[in-house]
Amino acid sequence: MPEAAAAPDLLPRLGAFARLLHDAGLEAGPRRLTDATRALAFIDLKREDDFRNSLRSVFVSRKEDIPIFEAAFDIFWAPPDPRASAGVIPGRSRALPMSPERAKAWANALGLNRSQMQREQEPKEFPASSSGYSAEELLRHKDFEQMTWAETEQVRRLLEQAPWRVAERRTRRLRPSRAGRIDLRRSARHAIRSSGELMTLFRRKPRVRRRPLVLISDVSGSMERYSRLLMIFAHAIARREDLEAFVFSTRLTRITRLLRHRDLDRALESVSKGVHDFSGGTRIGDALGDFNRKWARRVLGHGAVVIIVSDGWDRGDPAHLTAELIHLRRSAHRLIWLNPLLGSEGYEPLTRGMAAALPHCDDFLAAHNVAALEDFGRLLASLDSRKDSLPRLAGKVTRGEAAGRMGT
Amino acid sequence: MSAPATIEEVERRLRERRYIGDRSLATSIFLALKLQKPLFIEGEAGVGKTEAAKVMADVLGARLIRLQCYEGIDLAHAVYEWNYPRQLLHIRLMGEGPNSQTDRRAAEREIFSSEFLLRRPLLDAIDNDDATPPVLLIDEIDRSDEEFEAFLLELLSDFQVSIPEIGTIKAKQVPFVVITSNRTREVHDALKRRCLYHWIDYPDLDKEVEIVRARAPEAADGLAREVAALVQGLRGMDLYKVPGVAETLDWARSIAALGATSIDASLVSATMGAALKYQEDLERVREQVPALVEKAQRA
């Protein structure tokens with residue numbers, strides 16, 4: 001190959017670079033390595049910007065990966081410099097998301113000190129307590145707040161086995177059916193056998209699909225006791241539904257990808273590593289504003305159902321929260337607020353945040369025990385395709401007013 | 001026109017056509033041409049993704065074939081469809097119609113020939129006799145659904161389409177494919193893996209001024225700079241929908257159409273609908289117009 005002739009040591013280095021990218025979480029398989037090799041044959045290797053741009057367009061395929069690529073490129077291709085080992089070159093001080101062992105191995109291989117490769121991470125564990133046991137029904141109605149570690153394990157089983165599925169919506173795709181619009185394609189095909197006479201009219205109607213769910217959970221200090229269960233709940237849903245999940249306390253973090261591990265414990269571990277403000281303060285309005293601006297357009301397509309889980313303890317401005325909720329509700333098919341405190345005796349939604357939020361939610365439900373989550377599951381399964389025909393909800397549910405709601 | 005031989009040539013030709021892109025975009029385009037791989041362009045709305053494909057067709061002297069994606073787009077809209085009314089009419093015109101087995105076969109062959117085939121953009125792009133391979137723009141793929149993505153994946157790996165009644169049609173020459181996405185949802189990795197990827201960011205002030213001068217020459221030089229600076233200021237604000245370059249151009253054109261060569265607070269308030277598309281955003285910005293204008297005029 002010509003490029004190999006031009007720079008004999010380039011190929012093995014490119015291979016090593018692809019491995020570094022792979023370890024940092026990018027897709028850098030043989031196909032891409034081949035593409036990179038081919039690409040470099042067409043450019044002037046002496047121009048660093050072209051070299052960098054070419055490798056980026058081959059190895060990166062989503063915006064989020066661009067900073068990782070840039071950091072890896074800086075670390076890997078920077079010219080040897082004595083100052084680098086002291087960490088003073090700005091490009092080299094950027095960190096890559098990889099396990100400490102890997103980072104150490106790479107640092108050794110590249111002659112860097114370890115801190116230049118590693119991201120500062122303090123793995124956090126969810127609080128655990130001693131063991132105990134309750135019968136299933138008792139467990140169903142036990143407040144999450146009072147549960148022991150072993151009980152949460154059982155809850156996890158219960159949630160994973162829960163029978164409900166999310167309600168469906170009509171898509172724009174069509175499938176054959178007895179009733180519905182005429183399928184000209186099939187009908188005409190058939191008609192040819194009968195001299196062009198349309199003897200049978202075939203029909204088709206819209207295919208249905210389950211609605212995507214968007215879960216936005218509060219993991220601030222006041223929700224600490226519920227956080228682990230909520231994450232278990234999110235994981236149970238993520239395993240079988242189309243779920244986008246976010247958590248917030250002081251800021252919003254998307255955890256959809258982190259929840260993708262099949263194994264719950266690994267999923268929870270990656271969530272606790274990826275989220276840096278578990279048990280911080282709460283600014284619900286800010287978090288929802290963040291969601292509205294950065295994520296709503298990306299995840300609220302296809303008639304999504306939005307679920308906010310929070311106790312409504314908000315340190316922010318209630319007017320701000322209201323404005324963001326109104327906006328959010330207009331882009332969602334249905335806005336459901338789950339509040340763990342709603343289960344406690346004599347609870348009234350008097351926190352400023354909750355009072356501000358209530359009129360703008362389609363549903364307001366408890367979420368303090370398995371039975372409550374099962375109620376919620378039934379609600380999800382019964383969601384109608386029309387936004388304005390809401391089923392009556394049992395129990396202590398305060399429905400939002402119709403004000404500000406948009407028709408379908 | 002021959003294909004560009006260097007990155008510089010891509011840059012130069014884009015610029016000649018008043019498309020102001022940076023060198024990294026030129027590099028991605030250049031490599032996509034050389035490696036014959038589709039180019040996947042992502043970026044916020046209104047940063048010039050579609051425009052890049054259009055200009056590329058011009059740069060290459062090729063035909064632009066555009067497929068606008070939407071939810072529910074299927075093969076009948078994207079690849080081909082039989083012209084049923086004509087087919088049925090044709091059968092009627094054949095008289096009493098075919099009665100023997102052989103007649104029926106012959107009739108079927110006739111009816112399912114290319115004469116009755118409605119060629120949609122993807123078939124058009126694959127089955128082409130153009131002197132220069134066409135540019136196929138698959139616009140806003142994030143609006144389509146997973147089924148369509150899966151089909152596209154197949155199409156982009158072997159550039160062939162099979163039509164049961166006719167057979168497999170393979171591209172004689174591979175079109176230059178540009179796929180754009182606004183990221184309203186994440187497109188599947190498998191599809192992206194077949195492509196080279198490029199993220200178009202909002203331009204910095206100087207580049208945006210250059211873009212306004214190139215694409216909205218009716219705006220005076222001073223005005224171009226002021227509007228670009230104004231939009232740069234808006235992008236720093238906490239808005240539901242941040243204005244893109246397309247909005248900057250609209251805004252500059254609107255103000256120029258009013259005969260102004262410089263901005264002031266009342267002019268900006270009156271025309272900011274060109275850049276801001278949400279009521280909440282308009283409200284939020286309205287109070288800060290004087291400050292924004294002052295800042296833009298200093299830039």
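How many residues of chain A are in contact with chain B, and how many of chain B with chain A? In this predicted model, 32 residues of chain A are in contact with 35 residues of chain B. On the chain A side, several elements each supply at least two residues: α3 (30-40), α4 (48-59), β1 (168-177), α10 (184-191) and α13 (284-299). The largest share comes from α4(A), with six residues. If you sort the touching side of chain A by class, you find ten nonpolar, ten polar and twelve charged residues.

Let us stay with chain A for a moment. Chain A holds 16 helices and nine strands, and 37% of its 408 residues count as buried. Take the contacts in chain A between residues at least 6 apart in sequence: 70% of them join residues at least 24 apart.

One of the elements on the side facing chain B, α13(A), also packs inside its own chain. Which helix does α13(A) pass in a left-handed crossing? Its partner is α14(A), which spans residues 318-331. The two axes come within 8 Å and cross at roughly 35°. From α13(A), the residues that meet α14(A) are Ile284(A), Gly285(A), Leu288(A), Gly289(A), Asn292(A) and Ala296(A). They face His320(A), Leu321(A), Glu324(A), Leu325(A), His327(A), Leu328(A) and Ser331(A) in α14(A). By class, this contact divides into six nonpolar residues, six polar and one charged.

Elsewhere in chain A, have a look at Leu158(A), which is found in helix α9 (residues 149-161). Is Leu158(A) buried or partly exposed? Leu158(A) counts as partly exposed because 16 other C-beta atoms lie within 10 Å, whereas a buried residue needs 20 or more. Leu158(A) and Phe233(A) are 75 residues apart in sequence, yet their C-alpha atoms are 10.0 Å apart in space.

In soluble globular proteins, nonpolar side chains tend to be buried together. The largest nonpolar core here has 104 residues, and those with the most contacts inside it are Met56(B), Val135(B), Val178(B), Val212(B), Val227(B) and Ala252(B). Helix α11 (residues 221-235) of chain B gives the most to this core, with eight residues. Apart from this core lies another, of 68 residues, among them Leu159(A), Leu259(A), Phe364(A) and Phe376(A). Going back to Ala252(B), and leaving aside its neighbours within four places in sequence, you can trace its contacts to Val212(B), Ala216(B), Ala219(B), Leu223(B), Ala224(B) and Val227(B).

How is chain B divided into domains? The assignment gives domain 1 (7-79 + 120-200), domain 2 (80-115) and domain 3 (205-294). Between the C-alpha centres of domain 1 and domain 2 of chain B there are 35 Å.

Arg18(B) is partly exposed, because 14 other C-beta atoms lie within 10 Å. Ile20(B) is found in the loop between α1 and α2 as well, but Ile20(B) is buried, because 20 other C-beta atoms lie within 10 Å. What does Ile20(B) touch, not counting residues up to four places away in sequence? Its contacts are Arg15(B), Lys207(B), Glu210(B), Ile211(B) and Ala214(B). Ile263(B), 243 residues from Ile20(B) in sequence, is 24 Å away in space, C-alpha to C-alpha.

Phe159(B), in the loop between α8 (146-158) and β6 (160-163), has a positive phi of about 45° although it is not a glycine. Phe159(B) is partly exposed, because 18 other C-beta atoms lie within 10 Å. Ile73(B), in the loop between β2 (64-68) and α4 (75-78) of chain B, is buried, because 21 other C-beta atoms lie within 10 Å. Leaving aside its neighbours within four places in sequence, Ile73(B) is in contact with Ala78(B), Ser144(B) and Phe148(B). Glu147(B), 74 residues away in sequence, is 9.2 Å from Ile73(B) in space, C-alpha to C-alpha.

Definitions and conventions
Residues numbered from 1 in each chain as written. Chains lettered and ligands numbered in written order. Predicted model: local features only at pLDDT ≥ 70, side-chain atom pairs only at ≥ 80, totals over all residues. Core = buried A, V, L, I, M, F, W, Y, C linked by C-beta atoms within 7 Å. Buried ≥ 20, exposed ≤ 12 C-beta atoms within 10 Å, placed from the backbone. Helix = DSSP H or I, 4+ residues; strand = E, 2+ residues; numbered from the N terminus. Contact = placed C-beta atoms within 7 Å. Nonpolar A, V, L, I, M, F, W, Y, C, P; charged D, E, K, R; others polar. Domains from an automatic or database assignment. Axes fitted to C-alpha atoms, helices over the stretch in contact; angles between N-to-C directions. Left-handed = near helix turned anticlockwise from the far one by under 90°.
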